[in-house]
Amino acid sequence: MKLKGIVGVVVTFVIIIGLSRSDDTYVGKKIGELNSYHHQVGGDVYAVDETTFLIKGFMYDGNGGDTFFWAGSRPRPGPQGFIVPNELGRTNILDRYLNKDITLTLPDKKTIPEIKWLAIYDLSRLEPFGDIYIPEGFEPPQKIILNKLSSKTGEVKSGGVIIVDSKTIIIEDMSYDGTGEEVYFWVGVGPQPHSKGIKIPDEHGYMTPLGKYKKKNVVLELPGDLTVFTIDWLSLYDIQQERVLGSIIIPEELNVPPSLVQVIPHENSMPNCEQMFKDLQVSWEVFGDQVTMELAAQVEENDYIAFGMSGSQTQPEMIGGDVVVSFMEGYLGNLIDYNMSSYTPCTKLLGQHKGVCQDDKVGGTQDYQIFSSKREDGINIFTFRRRLVTPDTGDIPYPEKGEALIIWALGTLDGVKKPTMHYAWSKVKQQIEFTRKATERNCFAFTRSDKPKLKAWPRFHLADPAAREFTARLGPDGGSRGYSAITQQYSDTGLSWYINGYLAPDVYIKRNTKYRFLVEGGSNPYDPRSYHPLIITDEPHGAYSQLSEEQQKEVRVLAGIGYSVRGDSRPLAAGRLCLWKHTDDGDRRKDVEFSTFERFRNSLMLQCGDGEAAVLEFTPNKSWPDVVYYNSWTAPNMGWRLHILEEIHTEDILAAAASGSQGLSIIFWHHIILLLSLGVWTVLMALI
C-alpha cells in the first residue's frame, strides 16, 4: 500500500503527552490491572497498538535485584521469555517507579497476540513480582480500512478510507474537480451528512474551500477535541448549494490506536472568534468606533503573525494591503503597523521605500495600541486595539457594515527581526463581519503532534571542470524542502537564484580562471521584486544596496558592483527578468508535496521578459577566499556558495556530497594534501 510508511509509524513515547488530559481520554484498549505479588507492583495496562503497551500509574519499589520487563508465549511467566525494553528503549535493570505512565514496545517486531503475558520479572530469583495475562483472542487496536467515498453524482472518487487512529483519517486516491465555490471537508453526527455539520481543516490545515484533487492521498486530522468516536460521518460538502458531493459513514466502537496529537485548549473573553487556519484564530469585539482584537497562533518562538485588510475588495491581495505584524522578543511583545506595495522586504530604491514597510517609513503612523502579549504552551497571544477608521491615509478602514476581506500570514523573522516570506497565508478569500449583530465563536482548540520532519531536497553541486559560463535566473524558494533546508537561511522574498536551472547550488570554480554569469534577475529599479542584479561578496546574505555605509565597509565586494565618480556603488549585472513560476493552477503552499526538486521544477513554467541577459565576468585570483557567495544586490538571502579551488575533482566533490559529508570536506583535504606535498618537497630539496 502507498501509505504503509505513514500508517505504520507509531511514535510510542508521544502517547504520554495525551495523558496529561482528563482521565477519560482515549489511550487504547484496556487489558486489565497488573497482578501484584511483591515490591508494590501496580498499574493499569492498555494495548496502544499491535506492538505497544501503555501502563498507567505504574508502581514498583525498585528493590528487586535483577528485575526487567519480561514477556513470553509460555502459559505462565518463567525463565523462557524475553526482555521488553523500558520506556526509554533500554534494557537496564528496573529502577523505582512511582505512579508513572509509561509505554513499552515489544522488540524484534513481536506483536501482542503472539505473547500470553507481560511481567515484572526477577531473573535471579526466577519469579514475577507482578504480571498480566493477555486474554485469549485479544485484538489490539489497529488501523481500519473502510470502503470508498460514496458519491451519488460521481463528482468525488476515491480509494479506501483508512482510520489510522482516533484523530487521523486518510482518503486514498481522492479525485475532485474543484469546481464548487464553497466545498469543505465536513463532519458531524447523525445517520447521514447534513448542513449542521462542522468544517474541518484540509490536509494542509487551511479552512478555505477545497481546490482540485487528482488521485491524491489526503491525510486529515480532526481538529480540537473531535475524534472518530465523536463523529458519525465524513463528507465533502457544498455549503453554498447545501449538498453532499461524497461521504462515508464512520462505524461505531472502533478499535483503533489512540492519537499522538496533543489538544491545547485556548479560551478568551471576546464574544466573537473565527478560525482562520489550523494554527491561527482571531477574536474580536467592536465598541463604538474601535475594534479590540486578539490574535492567537501556534508558532515557533522566532515566528510572526500578520493580520489585516486585503489590498483588493474582491480577493486576498498582499499588494496594497494593510496589516499588523506581531511577534515575541523574549518576554516582550511587538506590534508593528505595515504597509505593503510589493512582494519583497522593505527596499529603498531611487530614494523611495517599497515593499513590506513599516507605516512610519512610508509617511504613515503606527495606529495599533497593544494591551497584552504572552507566549504560553507554544501559542503566541496578542491583544490590541485600533480605530475602525484612522486618520492615516495608508490604513485601510475596517468596515462599519458588511464583511471585510482580510489577509493573514505566518512566517519566520530574519536576524534583525524583520518578516521573511510567509510559510502559511490566506490565498483563498476569507471574510469577517466585524460588526455582526449575533456573536459567534467558530474556533476550536489547537492541536500539536510530533510529525516526522519532511525530507529536504538534496543539495546541488555544479562541479564541471570545463564549465566557464553559468545562467542565473530566479524561481520560487521551494518552501521548507528547498532554499531554507539547503542554506539554513530563510528567503525574505520567496525567491532564489536558479543556477543552470538548479535551486541555490554549490558552484565550484578554479582560481585564476575567467568565468561569466548570464544574469536574468530583472532590471526594473522601480519594482524591487523585479530588480535583482547579481553580486559576489564574502558574506552569505547579499542586499548590499540596503546596507548602511558602516555595514558596507564590513563586506568585501568581489564582483558585480562598480562605483561612480562620486564613489557611489551601483550594480553591473542587471539583465532581463527570467522567472521559474507556478502555473495558473499551481499553489506555493503545496510545494512541500514534491518529494524531489526535479518534480517540483517540472511543475513550474519559465517566463522571460523582453531584453537580454546581463553578463557578469570575473576571474577569482589568489586573494579571493576559498568560499564566496553569489546573491542579489537588492534583497537578502537569495543565493549560496561559490567554492574557489586550485583544481576541480568532480568525482571527489560529488562523492563527498553524496555521503552527506559535513565538517572537513573533501575540498579541505585537497588543500591539506597540497600543503603537505609542498612541505615534503621543501624538506627533500633541503636534504639535497
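This is a predicted model, and the count of salt bridges in it comes to 25. Side chains of opposite charge can pair when their charged atoms come close. A few of these pairs can be followed one by one.

One of them is formed by the side chains of Arg387 and Asp289, which meet in a salt bridge at 2.5 Å, N to O. The pair links distant parts of the chain, since Arg387 belongs to strand β30 (residues 379–387), while Asp289 sits in the loop between β21 (280–287) and β22 (290–298), 98 residues apart. Arg387 is partly exposed, with a relative accessible area of 39%, and Asp289, at 40%, is also counted as partly exposed.

Another salt bridge joins the side chains of Asp377 and Arg448, at 3.6 Å from N to O. Asp377 lies in the loop between β29 (369–376) and β30, whereas Arg448 is in strand β35 (residues 446–448), so this pair ties together parts that are 71 residues apart in sequence. Asp377 has a relative accessible area of 45% and is partly exposed, and Arg448 is partly exposed at 25%.

The side chains of Glu376 and Lys374 also meet in a salt bridge, with 3.5 Å from N to O. Here Glu376 counts as partly exposed at 43% relative accessibility, and Lys374 is partly exposed with a relative accessible area of 40%.

Beyond these pairs, there is also a network of salt bridges, in which Glu469, Lys514, Arg516 and Glu617 are linked.

Terms used:
Residues are numbered from 1 along each chain as its sequence is written. This is a predicted model: local features need pLDDT of at least 70, side-chain atom pairs count only at pLDDT 80 or more; totals for chains, interfaces and linings use all residues. Side-chain values use heavy atoms; hydrogens and water are left out. A salt bridge is a side-chain nitrogen of Lys or Arg within 4 Å of a carboxyl oxygen of Asp or Glu. Helices (H or I, at least four residues) and strands (E, at least two) are DSSP runs, numbered from the N terminus. Buried means under 20% relative accessible area, exposed over 50%, partly exposed in between (1.4 Å probe, protein chains only).
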